[in-house]
Amino acid sequence: MVDIQEKLKEIGPFVPGAEDDLLICRCEEVTKGEIRKAVHEGIFTVEEMRRYLRNGMGLCQGQTCGRLVKGIMARELKVRPAEIEPATARAPMRPIEMRILAEDGGDRE
Amino acid sequence: MKMTADVIIIGGGINGCAAAYYLAKSGITGVLVLEADNSIGHGGSSRNGGGVRQSGRDVRELPYAMYAVNNMWPTLSEELGVDVEYYQKGNLRLGKTEAHLAKLETLASNARNLGLDMKVIDGKEVKEICPHLSDDIIGASWCPTDGHANPMKATLAFYKRSLELGVHYITGAKVIKLQKVKGKARKVVLSSGEVFEGETIILAAGYESRFIARTVGIDVPMTKFFEECLVTEMQPQMFDIMLGTADADFYGHQAQHGSFVFGSDSGLEESIDKPFEDLRTTSITASAGCRAIIGYIPKLADAKVVRTWGGWCDLCYDGVPVIDRVEEVPGLILACGFTGHGFGTGPAVGLMLSQMVAGEETVVDISALRYDRFRSEK
């Protein structure tokens, strides 16, 4: 159980950092500063963060930035990275054209 | 951790978060939201196609759907301080056959009878609104005041703003039962054993509301239904309308960031038998969706699908939700059974729930959504 208001108090206010302009998610162009700031707005899980900022929602589906985002969120939340649940992997494994995907199971007649 | 509150809201979805926001805005600050998952908006609120739709709605829910479109959605981003990507550019429901058009004509005339601007247009007019569609389309229904928003951000926007106003949220807090004290709903018991107490309890926990309500002797007739969506990689800007079909084989829109988001089904969802916790998509639905989508928007045949996701709908027996105070359990307010179309009405439902807590009249009459409307006909 996480009491969000208590946790927000515990981690303190957002303090801008020198690396805030660093691009963390290259596909969707999300910066370190945006991720850090969102944590202080109550975005505590990777699932919420993806929905809020779109990190890891682009072509590579977070395969590049997933670990980085976890690390940044963990530091901001003052927990170990292992305590941050990774994003849910979702089908398809690789981006696939609609015309190809449409062929699967469509041969009934 | 504070264990008592003026209002306890069970369920951190769009209805729960919106109710929390409007309560806080009206000055009721002792609000506590309990979310079973670790993430706010983990359920259907973030797992839908983002339609903010009035057309095709049941007469019992159309008034508050229209209220939300006319009075809430246009200013929501500004009010909450988060861009919820609301676009009000209209909804086309496409038809390829005469049978489709007959169906759409019925839909449109029903809507007009209820005071909604909706008409059937021919293939040429469809092309004028959206030139990227298939030549096979011979007509469509057109509701110019429908639109879409970003469901992933809208729920979190209500959450963020209500946090700023002092609402308390606890995540990972799975409610297993309610308990009455002196005949009144008061205690909320978690699976971990903690007990919270509230003067008023709002139950907005989707399908799981059924099991929680049962613990105080109330049953809302609902079943669960698994719906899936897919999203493409970014595409050049093509259109900003909402699309659906007369056959209801898919619906969707192009999101602000360029991806197309489509909801679709395989027709076999009724028979899905899997645990409620299992949110994995099936191997058949996205393919069926792609066939339907290409049939109406051939230009997307080469667009790549980057992700699919699914979520549970709480289907109410008669297709509209239960939003009501429970007479036998004073202090309990139900808001569940949204039947797969609860996103677009979220702001209005949140507002009305806050009014019900305050004992005020709701902005529109929702007496048709009473919890005791289910009667045996035999």
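# Questions on a two-chain predicted model

Author: In this predicted model, 9 strands form an open sheet with mixed pairing, in the order β4(A)-β16(B)-β12(B)-β15(B)-β14(B)-β13(B)-β4(B)-β6(B)-β5(B).

Reader: What makes β4 of chain A and β5 of chain B the edge strands?

Author: β4 (96-97) of chain A and β5 (119-122) of chain B each pair on one side only.

Reader: How do you know that β4(A) and β16(B) pair?

Author: Two strands pair if DSSP finds at least two bridges between them. β4(A) and β16(B) have 2 bridges, in the antiparallel sense, so they count as a pair. Within this pair, A:Ile96 stands opposite B:Val305 in β16(B).

Reader: In which sense do β12 and β15 of chain B pair, and over how many bridges?

Author: β12 (residues 222-232) and β15 (residues 260-264) of chain B are antiparallel, over 4 bridges. B:Leu230 has B:Phe262 of β15(B) opposite.

Reader: Which helices of chain B lie across these strands?

Author: Helix α4 (residues 98-113) of chain B lies across β4 (91-95), β5 and β6 (139-143) of chain B, at about 15° to β6(B). Helix α8 (residues 285-296) of chain B lies across β4, β12, β13 (242-245), β14 (250-254), β15 and β16 (304-316) of chain B, and runs at about 115° to β15(B).

Reader: How many residues does each chain give to the contact, and which element of chain A gives the largest share?

Author: Chain A gives 30 residues and chain B gives 40 residues. On the side of chain A that touches chain B, the largest share is the 4 residues of α3(A). That side has 12 nonpolar, 6 polar and 12 charged residues.

Reader: Which residues does B:Ile202 touch?

Author: Leaving out residues up to four places away in sequence, B:Ile202 touches B:Val7, B:Ile9, B:Ile10, B:Ala19, B:Ile333, B:Ala335 and B:Leu353.

Reader: Why is strand β18 of chain B called mostly covered?

Author: A residue is buried if 20 or more other C-beta atoms lie within 10 Å of its own. In β18 (residues 332-336) of chain B, 5 of its 5 residues are buried, so the strand is called mostly covered. B:Leu332, B:Leu334 and B:Cys336 point one way from β18(B), while B:Ile333 and B:Ala335 point the other way.

Reader: How do you know that β18(B) pairs with β11(B) and β17(B)?

Author: The requirement is at least two bridges. β11 (residues 195-203) of chain B has 3 bridges to β18(B), in the parallel sense, so this is a pair. B:Ile201 has B:Leu332 as its bridge partner. β17 (residues 322-325) of chain B runs antiparallel to β18(B), with 4 bridges, so this is also a pair. Here B:Asp324 has B:Leu334 as its bridge partner. β17(B) and β18(B) form a hairpin with 6 residues between them, and B:Gly331 in the turn has a positive phi of about 95°.

Reader: How many residues of the two domains of chain B are in contact?

Author: 26 residues of domain 1 are in contact with 28 residues of domain 2. The side of domain 1 that touches domain 2 has 10 nonpolar, 13 polar and 3 charged residues. The domain centres, taken over C-alpha atoms, are separated by 28 Å.

Conventions
Residues numbered from 1 in each chain as written. Chains lettered and ligands numbered in written order. Predicted model: local features only at pLDDT ≥ 70, side-chain atom pairs only at ≥ 80, totals over all residues. Contact = placed C-beta atoms within 7 Å. Axes fitted to C-alpha atoms, helices over the stretch in contact; angles between N-to-C directions. Nonpolar A, V, L, I, M, F, W, Y, C, P; charged D, E, K, R; others polar. Buried ≥ 20, exposed ≤ 12 C-beta atoms within 10 Å, placed from the backbone. Domains from an automatic or database assignment.
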